[in-house]
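I opened the model to look up its sheets, its ring contacts and a few single residues. My entries follow in the order in which I made them.

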Amino acid sequence: MKRVFFIPVFFCLSLLTGCFGYPRLLSYPFDPGGRSLNSLASELNPQISGRYIVFITDRRGSQDVYMFDTVTRDLVDLLGLNSFDAIANHPSVSQDGRYIVFAASRQGRSAIFLYERETRQSRNLTSNLQAEVRNPTISADGSRIAFESSNNGQWDVLVYDRYGRPLNIPQEPR
């Protein structure tokens, strides 16, 4: 009799603990003035690392990179990052929020840019690469950037350091 009672109770408790554990739903305020995570504009390509969320939005009429601090619940100023002559997409942020990497297109040419918040400067990491590039991501410590590059008719994954130098990733022999 105890065994018959124990199995349904154990099953119900395991279901209930799944409802209260990770993940949990977080609610961030909506601001029609565009000073929060969500606005009347389109918010695209969100990436989260540590306490920061980076995303693309067209709040100012151009496709720009924005960063939201989940602890202070405010947008972070990214002075010198966005420009009207570039279309940004696919941002990624290091865990401490110091480095943001993103793809941008200017005059039909795509490139991968690294923005450093301390110096407020962006650097083109792929200026010497004669290929289409897209979908960058940055490591948690901000030391490595991986992205897709179309060279020779196919998309490959390349890994650079934050100074724009390609890294050789050892591959096991087949």
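Entry: a charge and a ring. I began with Arg134, which lies over the face of Trp155, 3.7 Å from the ring centre. I note here that the model is a predicted one.

Entry: first sheet. I traced an open sheet of four strands in the order β1-β2-β3-β4, paired antiparallel. I then asked which strands stand at the edges. They are β1 (43–49) and β4 (74–76); each has a single partner strand, so one side of each is left without a neighbour in the sheet.

Entry: β1 and β2. I looked up how many bridges join β1 to β2. There are five, and the two strands run antiparallel, with β2 covering residues 52–57. Within this pairing I found Gln47 opposite Val54 of β2.

Entry: Ile48. I placed Ile48 in strand β1. Is Ile48 buried or exposed? Its relative accessible area is 61%, and because exposed means over 50%, I list Ile48 as exposed. I also checked Ile48 against Pro91, which is 43 residues away along the chain, and read a C-alpha separation of 9.7 Å.

Entry: aromatic pairs. I counted three aromatic pairs. One of them is Phe55 with Tyr66, a tilted pair with 6.0 Å centre to centre and 40° between the planes. Phe55 lies in strand β2 and Tyr66 in strand β3 (residues 64–69), so this pair ties together parts that are eleven residues apart in sequence. I looked up the accessibility of both rings' residues. Phe55 has 2% relative accessibility and counts as buried. Tyr66 is also buried, at a relative accessible area of 14%.

I went on to Phe102 and Phe113. Their ring centres are 5.7 Å apart and their planes at 20°, so I noted the pair as stacked; the cut-off for stacked is planes under 30 degrees apart. Which strands does the pair tie together? Phe102 belongs to β6 (residues 99–106) and Phe113 to β7 (residues 109–116), so the parts joined are eleven residues apart in sequence. Phe102, at 5% relative accessibility, counts as buried. Phe113 is buried with a relative accessible area of 10%.

Entry: I followed β6 and β7 into an open sheet of four strands, ordered β5-β6-β7-β8 with antiparallel pairing. Its edge strands are β5 (87–93) and β8 (121–124), and each of these pairs on one side only. The twist I noted averages 25° from one strand to the next.

Entry: β7 and β8. I found four bridges between β7 and β8, which pair in the antiparallel sense. I recorded Tyr115 as standing opposite Ser122 in β8.

Entry: Thr126. I located Thr126 in the loop between β8 and β9, the latter spanning 132–138. Is Thr126 buried or exposed? With 2% relative accessibility it counts as buried, because buried means under 20% relative accessible area. I then asked which residues Thr126 is in contact with, leaving aside its neighbours within four places in sequence. I listed Arg109, Ala111, Ile112, Val133, Phe147 and Tyr160.

Methods
Residues are numbered from 1 along each chain as its sequence is written. This is a predicted model: local features need pLDDT of at least 70, side-chain atom pairs count only at pLDDT 80 or more; totals for chains, interfaces and linings use all residues. Side-chain values use heavy atoms; hydrogens and water are left out. Two strands pair if DSSP finds at least two bridges between them. Buried means under 20% relative accessible area, exposed over 50%, partly exposed in between (1.4 Å probe, protein chains only). Rings of Phe, Tyr and Trp (its six-membered ring) pair if their centres lie within 6.5 Å; planes under 30 degrees apart count as stacked, over 60 as edge-to-face and the rest as tilted. A charge sits over a ring if NZ of Lys or CZ of Arg is within 6 Å of the ring centre and within 35 degrees of the ring normal. Axes are lines fitted to C-alpha atoms, for helices over the stretch in contact, and angles run from 0 to 180 degrees between N-to-C directions. Contact means heavy atoms within 4.5 Å.
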